[in-house]
Amino acid sequence: MVATVTRSTAAPPARQQGVLRRFWPQYLAISPFFILFVVFMLIPIVFSLYLAFQRWDGLGDTEFVGLQNFAFLIEDAKFWLALRNTVLIWFMSTVPTLFLALVVANLLNSAVRFSSFYRIAFFVPSVTSIVAVAIFFSSVFSTQAGLVNAILTGLGAAPVPWLINEWTIKLVISLVICWQWVGYNAIIYLAGLQAIPSELYEAAKIDGAGPVQTFFRITVPQLRPIILFTVVISTINGMQTFTEPQVLFSSNSANAANLGGPGSAGLTAILYFYNQAFNNNQYGYGAAIAWAVFLIILVFTIINWRIVARRDRPAKVRR
Amino acid sequence: MNLSRRDLLRTSLLAITVAGGTVACGKGGGAAADTNELTLWYWGGGLSDKVVADAVARFNKVRLTPSVIGGDFKQKLVTTMNGRKFVPDITGIKGENIASLREETNRFIDLNTLGADKIAGQFVNWKWSEATTKDGKQLGIPIDIGPGALYYRQDVFAKAGLPSEPAQVGAAMSTWDAYFAAGQQLKRAVPDAFMVESVDGIFKNVIGQSGKRMIDAGNRFIGDGDHVRKAWDQAVKSLELGIAAPKLEGQDRTAARVNGTLVSNIGAAWGALDLKNEAPDTAGKWRVAAMPGGPTNDGGSFLALTTECRNPQLAFEIITWLLSPENQAKGFTDAALFPTNPAAYKLPALTAGDPFFGGQSVIEVFGPAAEKVTAAYEAPADSAVYQAFVDELVNVWSKGKNRDSAWTDAVASAKQIAERQGVS
């Protein structure tokens, strides 16, 4: 748009300079983001791509190894375990999170009293430090000293080794994520809900639709683009789950690096990347893991996009 | 305070100017010619803060600026060294990083050129050699060590009819087999108590006693050697005898230590502080005895001079002063840093009885242990390779994995990790 405007007003040779001169305050105003982006994001991203083909201990010289890091990656059972864990934890956390968020958003939408209070209350977890949240959850789910097991034993049940069993480890990590992100997604859904014209609901009411039918026939279809957005964001975040297992299974022992607790059941792909690069000083291999994860997120996002977006297209044609 | 927008703007502009000026000055101060300033990096608890403050006052010909660096110390040090700006003159190196940083011989000063070879004999030699390169350069002076011993609950030992005084326990449980037999007796007498707290701890200490690790000095993989297999078998044996507790961590482990389920553990000297902090109510019930099978070491850091150091001679004088026997004794009192200089073991700060251990003078156990640790070559990739064995051992311990398939998997995985790091 900028180009068309200048073409009509300024002479072609001076076009480029003219744009800069005329719009410099605007460029200056947006420059902090781009400068920070280049320094803290773009350069590290490019450097990590370079590192993925090197062996580097972080301080000495880099040594070109071609695709060797990726060849090791394919053979590395730990890496595949980490990927499996990541996908499982992503699934176990995203599905309940988004479902609960939709329910909460509906409740918030119809709440009459204290609605601002509830909105803030649900949003607070997502701005709370994940480290603090994870420390809190690790206390709550501690086998011998935890609140959950205290309640279980109080009810006469046997205590559960939450942070030791392979599946409960994943469950606890998913719970942390769920607790933290329900409110955030609910607020996004709430914005979407408020954009749905009330005529639709009125029409549905007149046609005799009940609340469940209204929810599935009107609310969900109308929210589809918003749901797509939250699914994509949750996928990108879920594939990068790191802090929760990092804090839940952090060890004081210097020699025993954190590999996601007993049996590495809480080892996520990014935690493994961190472990390889920063604990084992294998920055090249770490970079290879990071790029592999990037490719997987890309594939997941495209699949998500296709599934949710494709349904929209025929509908448009019909209309 | 009444702050108009104009005032706010003016103040912020002023602040920016001042900040810019400070940065500019900082750059000037980083010049190599300035020998009137020395910086010292360490982490919280890495040195006694009081001893460091004394050093600042004592070496007042220069401006010695100590900084306590939080977070991932090695990462911050390496990042700064890569940036080649604001590199500390004197820096601590954590024990787990010495093997990899020892390879960077051109980033640290060979302390032998400053006279370190003359004081080498004062320090425990196995720790000193951890900072010696293959070609004989000395890159660091050891701050502290972690000689190991057997921590045990005297009250429960007595209840089970086992020897309960430190000297008797040390003599009666001088081998792993004797220790395990005592564990079986304990199990019969006090059924809900466990002698062995950590199965991978047994593995770690038997390896520590062997004098060999995962990779030899010729950069060859020896993780499938007899010394590793022996340690593995010993660890698995504690499980098969039923004397090893289920795997507990954090608060769960603390709770079990307090209620007398976990009655003994093998730990380094610095572990005493953790024990005191997490289980203060059990004060007086614990004792310390010699470790079964001979002492091992766990951890211990170094002080080093970077090649950017602006006054190496004086900096060396400062670190040797910081690590004199008297100051090491202060470090023991203030920060539980176990001295690397055995002359300190005779000082009152170390010989005093410890009420947490029922008045026992624990140096009588840790002192001789410190001087008897077996030296071993540790390669940079060692801890990553070692971790493969621990992971599989934990699978046997907490998930009931078959011991033989776990061993096969551990060796395969360890070889792969070693290969990734360029070990043949």
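Which residues line the second largest cavity? In this predicted model, local features need pLDDT of at least 70 and side-chain atom pairs count only at pLDDT 80 or more, while totals for chains, interfaces and linings use all residues; side-chain values use heavy atoms, without hydrogens and water. Residues are numbered from 1 along each chain as its sequence is written, with chains lettered from A and ligands numbered from 1 in the order in which they are written.

The lining consists of A:Asp57, A:Leu59, A:Asn281, A:Tyr283, B:Lys74, B:Val78, B:Ser100, B:Leu101 and B:Glu104. Helix 3 (73-83) and helix 4 (98-101) of chain B each give two or more of these residues. A helix here is a DSSP run of H or I with at least four residues, a strand is a run of E with at least two, and both are numbered from the N terminus.

A cavity is a set of points on a 1 Å grid over the protein atoms alone where a 1.4 Å probe fits but cannot get out, and lining residues have an atom within 4 Å of a point. Grid points are joined across faces, edges and corners, and the volume is the space filled by probe spheres set on them. The second largest cavity holds about 60 Å³.

By this rule there are two cavities of 30 Å³ or more. Helix 15 (325-335) and strand 10 (338-339) of chain B each supply at least two lining residues, and helix 15 gives the largest share, three residues.

Methods. On a 1 Å grid over the protein atoms alone, a cavity is a set of points where a 1.4 Å probe fits but cannot get out, and a pocket is an open set with protein on both sides within 12 Å along at least five of seven lines; lining residues have an atom within 4 Å of a point.
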